[in-house]
Amino acid sequence: LELELGPYGTASQLQQRPAPEGGGLFKREWFEIVDAAPVSATRARGWDIAATEGGGNWTAGVKIARAERMFYVEDVRRGQWSPAGVEAEMLAAAGADGRACAQREEQEPGSSGKTVVASRARLLVGYDYRGVPASGDKVTRAGPFRAQCEAGNVRLVRGPWNEAYLRELAFFPAGANKDQVDASSNAFNDLAGRRAVSAGAPASVTKAPASPSGAHNPRGWKL
């Protein structure tokens, strides 16, 4: 039966888990955690937007820095905000990130997507904002980011968001939530198309923590 179901079917149907042991397309052991990214780096924050306050899908903004051949996930903003809340959060993030950090949002197809991007551009006037039309499915879009993660070229900057981020990646694409993966893909694909800057002194690293047993969730994140 396990051969017929495959790893995802076995995990969900026989073992009651949304992903195979050790993760799905991403694995925890690929990631090292550092105290900080190099100051000299190219930066982008990718956005995956939802607009249901207090329920439904999540909005996520993932900031990634690129220094030479290394990528650093520096910060994740995530919540279930109203449309007005989403715009307030995006404006706050852009202000905190600075004008040198690109802001990239997945653009939905059709005229509605163009309207949203035009409105957002007015909101974020003065910042490097652009809507990026989606091409391919979520797994395809995450492919280049995943390849660099597997090669050991992606590190996480230590923060309270680390565990929720690792859990979503480990369950992707079978997990319920994919917003952080989508936002990461948006930021990474933008950076991959630009020239990297030279990094400064390397940051100290530690291995990412092992997957916690059970459903331990001390910070009350919705995973």
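This note goes through the predicted model point by point, from the overall fold to single residues.

1. **Basis.** The model is predicted; local features need pLDDT of at least 70, side-chain atom pairs count only at pLDDT 80 or more, and totals for chains, interfaces and linings use all residues. Residues are numbered from 1 along each chain as its sequence is written, and side-chain values use heavy atoms, with hydrogens and water left out.

2. **Elements.** The chain holds 6 helices and 8 strands. Helices (H or I, at least four residues) and strands (E, at least two) are DSSP runs, numbered from the N terminus. Their order from the N terminus is α-β-β-β-β-α-β-α-β-α-β-α-α-β.

3. **Burial and surface.** Of the 223 residues in the chain, 44% are buried. Buried means under 20% relative accessible area, exposed means over 50%, and partly exposed lies in between (1.4 Å probe, protein chains only). The chain exposes about 11,000 Å². Carbon and sulfur atoms supply 53% of that area. The areas come from the Shrake-Rupley method with a 1.4 Å probe, and for residues only the protein chains shown count as cover.

4. **Contacts along the chain.** Take the contacts between residues at least 6 apart in sequence: 74% of them join residues at least 24 apart. Contact means heavy atoms within 4.5 Å.

5. **The largest nonpolar core.** This core has 27 residues. A nonpolar core is a set of buried Ala, Val, Leu, Ile, Met, Phe, Trp, Tyr and Cys residues joined through side-chain atoms within 4.5 Å. Phe26, Phe31, Ile64, Val73, Phe145, Leu156 and Tyr165 touch the most other members. Strand E3 (59–67), E4, H4, strand E7 (154–157), helix H5 (162–171) and H6 each supply at least two residues. The largest share, 5 residues, comes from H6.

6. **Valine 73.** What does valine 73 touch, leaving aside neighbours within four places in sequence? Its contacts are Val62, Lys63, Ile64, Phe145, Val154, Arg155, Leu156, Val157, Trp161 and Tyr165. Valine 73 is also one of the core residues that touch the most other members.

7. **Helix H5.** H5 is mostly covered, with 9 of its 10 residues buried. These are Asn162, Glu163, Ala164, Tyr165, Leu166, Arg167, Glu168, Leu169 and Ala170. The buried residues of H5 pack against strand E1 (32–34), E3, E4, H4, E7 and H6.

8. **H4 against H6.** Two packed helices are described by the angle between their axes and the distance between the axes. Here, the axes of H4 (residues 138–150) and H6 (residues 179–192) come within 9 Å and cross at roughly 65 degrees. Axes are lines fitted to C-alpha atoms, for helices over the stretch in contact, and angles run from 0 to 180 degrees between N-to-C directions. The crossing is left-handed: the near helix is turned anticlockwise from the far one by less than a right angle. H4 contributes Lys138, Arg141, Ala142, Pro144, Phe145 and Gln148 to the contact. H6 contributes Val181, Asp182, Ser184, Ser185, Phe188 and Asn189. By class, the contact has 5 nonpolar, 4 polar and 3 charged residues. Ala, Val, Leu, Ile, Met, Phe, Trp, Tyr, Cys and Pro count as nonpolar, Asp, Glu, Lys and Arg as charged, and the others, Gly among them, as polar.

9. **Alanine 187.** This residue is found in H6. Is alanine 187 buried or exposed? Alanine 187 is buried, because its relative accessible area is 0%. It touches Ala44, Arg45, Gly46, Val62 and Ile64, not counting residues up to four places away in sequence. Arginine 104 is 83 residues from alanine 187 in sequence, yet their C-alpha atoms are 6.5 Å apart.

10. **Backbone points to check.** A cis peptide bond joins phenylalanine 172 and proline 173, with omega about 5 degrees. Proline 173 sits in the loop between H5 and H6. Glutamate 68 lies in the loop between E3 and E4. Its phi is near 55 degrees, a positive value in a residue other than glycine. Glutamate 68 is partly exposed, at 43% relative accessible area.

11. Glutamine 80 lies between strand E4 (70–79) and helix H2 (83–97). With a relative accessible area of 16%, glutamine 80 is buried. Glutamate 29, in the loop between helix H1 (2–14) and E1, counts as exposed at 52% relative accessibility.
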